[in-house]
Amino acid sequence: MTTHSLFTTGDPDLVEGSSARSLAHLAEQAAWCTPESCGAAATVITDRGAADVPTAVTHPDLSALVSVQWESGEGPIPAALDTGRATAADDLLHENRWPAYRARALEAGVRSSATLPYHRDGIALTITVYGFRPGLTVEKGCTATDVLGELAATALARERRYREALVEVDQLDTALRTRPVVDQACGILMYVLGCDADTAFNALRRLSQRTNRKLSDLAAALVRTRGHGLEPELRTLCEEKEGDVRSAAVGGRAPSQGR
């Protein structure tokens with residue numbers, strides 16, 4: 001069994017994390033599971049639309065074969081992603097579909113390749129195996145390489161959902177911790193502006209946007225200083241509020257409120 005060196009390129013956040021090691025391990029295992037192959041590549045694309053697609057290859061020369069497909073927009077990887085089906089180049093010496101990919105592959109001594117695509121929850125994973133000889137085929141079904149791809153795609157999707165859940169928990173925790181000080185700041189504005197809670201919150205939000213400060217930071221400063229230092233902005237808010245009241249009186253309606 002041949003030992004393959006592992007190389008990763010693309011999104012730095014992915015390359016430095018456990019996902020990069022998983023992608024590199026996936027490429028290695030795909031090459032091992034395909035006896036006729038001389039190497040393999042694995043790519044993962046998310047709906048974030050990153051400029052550099054994270055890629056792992058078992059040999060540095062294979063990086064060029066992946067890159068030329070993204071640059072030209074043609075090749076077995078884009079074709080497999082578009083169709084959702086395995087895409088093979090049985091003999092690149094006689095392949096006419098992807099000229100740029102064909103030329104780069106033949107320069108590297110690659111005569112055949114097969115790409116398997118997997119889609120999970122906004123993630124698109126591909127596994128490509130390469131051969132020095134014609135006739136390399138890997139089909140969807142109960143093959144070791146395909147099972148490996150299915151498991152890897154599911155694991156990547158699960159990891160992404162886990163990371164998104166952590167972000168949501170962190171956001172909720174931040175919101176819970178900052179809510180009391182925001183409420184206190186709204187109380188100060190209610191007293192200064194003589195308004196209700198919804199109007200005070202909207203005023204605080206407008207002030208946050210106008211001063212380009214985070215809402216929680218502005219609220220904390222307002223509570224700490226009891227509004228001192230923000231008099232000009234508060235006077236402007238008062239004038240805006242009075243203008244809204246006058247406009248509503250002329251129009252014969254109450255000023256709109258709500259967050």
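Biologist: How many helices and strands are there in the chain?

Modeller: Helices (H or I, at least four residues) and strands (E, at least two) are DSSP runs, numbered from the N terminus. The chain has nine helices and six strands. This is a predicted model, in which local features need pLDDT of at least 70, side-chain atom pairs count only at pLDDT 80 or more, and totals for chains, interfaces and linings use all residues. Residues are numbered from 1 along each chain as its sequence is written, and side-chain values use heavy atoms, with hydrogens and water left out.

Biologist: What percentage of the residues in the chain is buried?

Modeller: Buried means under 20% relative accessible area, exposed over 50%, and partly exposed in between (1.4 Å probe, protein chains only). Of the 259 residues in the chain, 41% are buried. Accessible areas come from the Shrake-Rupley method with a 1.4 Å probe, and for residues only the protein chains shown count as cover. The accessible surface of the chain is about 14300 Å², and carbon and sulfur atoms contribute 53% of that.

Biologist: What percentage of the contacts in the chain with a separation of 6 or more comes from residues 24 or more positions apart?

Modeller: A contact means heavy atoms within 4.5 Å. Among the contacts with a separation of 6 or more, 58% come from residues 24 or more positions apart.

Biologist: Which residues does Thr34 touch, not counting residues up to four places away in sequence?

Modeller: With that exclusion, Thr34 touches Val129, Leu136, Val138 and Thr145. Thr34 is placed in the loop between helix H2 (18-33) and S2, and it is buried, with a relative accessible area of 4%. A polar contact is a pair of N or O atoms within 3.5 Å; within protein, one must be able to donate a hydrogen and the other to accept it, and residues adjacent in sequence count only if both atoms are side-chain atoms. Here a polar atom of the Thr34 side chain lies 3.0 Å from the backbone oxygen of Ala30.

Biologist: How far apart are the end C-alpha atoms of helix H7?

Modeller: The expected span of a helix is 1.5 Å times one less than its number of residues. Helix H7 (residues 197-211) has 15 residues and should span 21 Å; its end C-alpha atoms are 21 Å apart, which agrees. At the start of H7, a side-chain oxygen of Asp196 comes within 3.4 Å of the backbone nitrogen of Asp198. Buried residues of H7 include Phe201, Leu204 and Leu207. Just after H7, Asn212 has a positive phi of about 55°.

Biologist: What span should helix H3 have?

Modeller: The twelve residues of H3 (residues 61-72) should span 16 Å, and the end C-alpha atoms are 18 Å apart, which agrees. In H3 the buried residues are Leu62, Ser63, Leu65, Val66, Val68 and Gln69. Gly73 follows H3 and has a positive phi, near 75°.

Biologist: In which sense do strands S2 and S6 pair?

Modeller: Two strands pair if DSSP finds at least two bridges between them. S2 and S6 (residues 123-131) pair in the antiparallel sense, over eight bridges, and Thr126 in S6 is the bridge partner of Thr43. S2 also runs antiparallel to S3 (residues 55-57), to which three bridges join it; there, Ala42 stands opposite Ala56. Strand S2 (residues 39-46) is largely enclosed by the rest of the structure, because seven of its eight residues are buried.

Biologist: How many salt bridges does a search of the whole structure find?

Modeller: Side chains of opposite charge can pair when their charged atoms come close. A salt bridge is a side-chain nitrogen of Lys or Arg within 4 Å of a carboxyl oxygen of Asp or Glu. The search finds six salt bridges. One of them joins Arg120 and Glu150 (2.4 Å, N to O). Arg120 lies in strand S5 and Glu150 in helix H6 (residues 144-193), so this pair ties together parts that are 30 residues apart in sequence.

Biologist: Where do Arg179 and Asp183 lie?

Modeller: Arg179 and Asp183 are in helix H6, four residues apart, and so are separated by about one helical turn. Their side chains meet in a salt bridge (3.0 Å, N to O). Arg179 is partly exposed, at 43% relative accessible area, and Asp183 is partly exposed at 37%.
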